[in-house]
Amino acid sequence: MPGHRTKGFCASAAALALCAVLAGCGGSEESADGGKVVLRYTWWGNPDRAERTEQAVALFEKQHPDIDVTTSFSGYDAYKQKLATQAAGGDAPDVMQLDYRQIDQYASGGVLLDLAQQKAVLRTSEIDQGLLATGRVDDVQYAVPQGRGTETVAYDVETWKKSGVPLPDGSWTWSQWADSMRALAEKTGKPGATDPGQSEDAFEVWLRGQGRSLYTEDGGLGFTADDLARWWTFTDELRREGAVSPAEQTTQLDGSVENTPLGRGQSVTDANWDAPASGFLALVPTGVALAPMPSGEDGTPGQYFKPSMFLGVSADTGHPEEAAQLVDFMINDRRAAKILGASRGIPVNETIRDAIGPQLKDFDKTIADFQSSLDGRLKDPPQAPPSGDNALQSTFQRDYDQVSYERMSPREAAENYVTEAKAELRS
Amino acid sequence: MTTTAIPPEAKRAPAASPRSRTARRREGAAWVFLSPWVLGAIVLTLLPMAVSLYLSFTDYDLFSPPEWVGLRNYTQMFTEDPRYWRSVVTTLTYVVVAVPLQLALALVVALALKGMKRGKAFYRSAFYAPSLLGASMSVALVWRAVFNDGGTVDNLFGTGGWVNKPGWALLAVALLTAWQFGAPMVIFLAGLQQIPAELYEAAAVDGAGTWRQFLSVTVPMLSPVLFFNLVLQTIQAFQVFTPAFAISAGKGGPADSTLVYTMYLYDRGFVASHMGYASAMAWVLLAVIGVVTAVLFRTSRSWVFYASEGDR
């Protein structure tokens, strides 16, 4: 009896075991949804941007009943880690939002599709040519920027007005800014600003105000430990005076507006990018206004218009045409543009920009007005940062933690950073 | 089912006769039944381990193909990376604080439960619950909220947010681990119930008080269980990740104070995209845990008492 049974038994058991293995590898996306093409689209951003994006995507699905778009979003820090892991595993989403810092790495790593292959469905003729060029690596168009953004000092209008400190006007230097922050701290009892020492972006603005840059043309470090030590000494003193946020607040920053001191009601201002600053409205319902970033002492502007939030298509996508259609829709469709407003910066499509510009309302208008007040006054943007910059952004914040918690002097931390940065850029 | 058909003699003496067809067939069947696990172990454990060993000798940024660099990752780790050493010190501090704390709690609760007449099962489950919950991200996030600025601990004791103070954040992580003492507690409880009551009676007759009984009866009789728990928890503590990750919001901060070894490994691999370096770190960790465990075993000879071996 058992002898007879074993053979069949073995075979079926083996088959079962194989099934288990195969099941683990199965589950392709095509089979879902009865023949519909399923696209994965991911981005980072705040809830406001998410809501508008969902609306735009719903409209796209209505126009393309055969396409189903699965979306997901998160804060920037979490997003970039997750995307890197997915991309490395050959599982990048079909359509992904990318930062200026990521373009170089993702393009040269073979993650992104050459968009010229899909130019039949993805039109770029109406896009500002200068901005479009920022999505090219080695003359191949790998991504298209969705807007342009610039940094801003977002402030709680009511608290500032009540303090009696003069409101910021068209421009200010770093030392005028510091005086305002001191005055605000004195009058309101809370720090004037988020400690800008933790932000590589703010440091870049300060550096450019002195005619320098973060990186050299060939991707090396554009500043010395002396420069960084001066910057951190400047911010460290402000922190000690209570003019900017204490270390316990600063360390909680994670790229979301909710976790900034301003978002928690623990400071009067926050330096941020202009598009995400819309998120402050929900947190500071009495009103938020935008002032420019401080300039160098001789008035040299440090901030610049940065191409923001690129869209790229995965090189491994099974549906390059549909993916390109979605990109085209997000950038060139007028109705989509109306929904999206300035949630990703002012649109890059010039026809749309001119058409919807006057119709922008609420905070979108605030951003548009802010940007036009700077138009023509800023210097050219730097070229795309080298690959290593992606990691250095968090290194910068971490090293400054050592300063703000008074575990290292600004000089020690600056020298540490420069050593780490050089190693990072070499590899 | 099939076993009933085989006479017991065949099972007992396979060596006496040359391998019968039945025995061979039975062995084949065993492999078939094992295959899901064997395949799983090969595909999901051994193969990735081999790849990670290879990667540890390369420069691999996840995007371009790995590039052979020999021992560079290892030399850089040991000679040029101050943060690496900071993470080592943080991890050792954590192990030295969290493991004894957790074991002491587990032992105290087990002793309390042992003497209980009623409701033992209820309390045992209640104390075990955190171990089931604690592995989850959500509890770690709640923990972060409890120890944050304006959290429960801050409100009750006015301590400020521990998770934002470099001197205290690691303690918050260690407390989360200590709170999950359920597994060692259950093992201690089982061990305590194995100790023969006569020993306590004899000790009481000799005039030993509670404390004396604990030191001279409970501790030596429990030492194998204590040793088992110590080894297990030490190995786990060296690999602590989730609580440190959640409590520091993924950054190992403030000021690197919760940047334990695996957090730095994660940072190198997934934030900075240096997979080769991260792989090298993983292999060093494996080696260190191996050495520590070997040392524990070596010292155990002098303090672990096995009743079955008699008085050595």
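Residues count from 1 along each chain as its sequence is written, with chains lettered from A and ligands numbered from 1 in the order in which they are written. Since we're looking at a prediction, local features need pLDDT of at least 70 and side-chain atom pairs count only at pLDDT 80 or more, while totals for chains, interfaces and linings use all residues.

**View 1. The two domains of chain A.** Domain 1 takes in 32-149 + 306-374, and domain 2 takes in 165-303 + 388-426. These bounds come from an automatic or database domain assignment. Going by C-alpha atoms, the domain centres sit 28 Å apart.

**View 2. Where domain 1 of chain A touches domain 2.** Domain 1 puts 20 residues into the contact and domain 2 puts in 15; contact here means C-beta atoms, placed from the backbone, within 7 Å. On the domain 1 side, helix H3 (76-88), helix H4 (100-108), strand S6 (143-149) and helix H15 (362-374) each give two or more residues. H15(A) gives the most, with five residues. Helices (H or I, at least four residues) and strands (E, at least two) are DSSP runs, numbered from the N terminus.

**View 3. Chain B, overall build.** Chain B has 14 helices and two strands. Its C-alpha atoms fill a box of roughly 65 × 60 × 40 Å along the principal axes.

**View 4. Contacts within chain B.** Look at contacts with a separation of 6 or more: 67% of them join residues 24 or more positions apart.

How values were computed. Contact = placed C-beta atoms within 7 Å.
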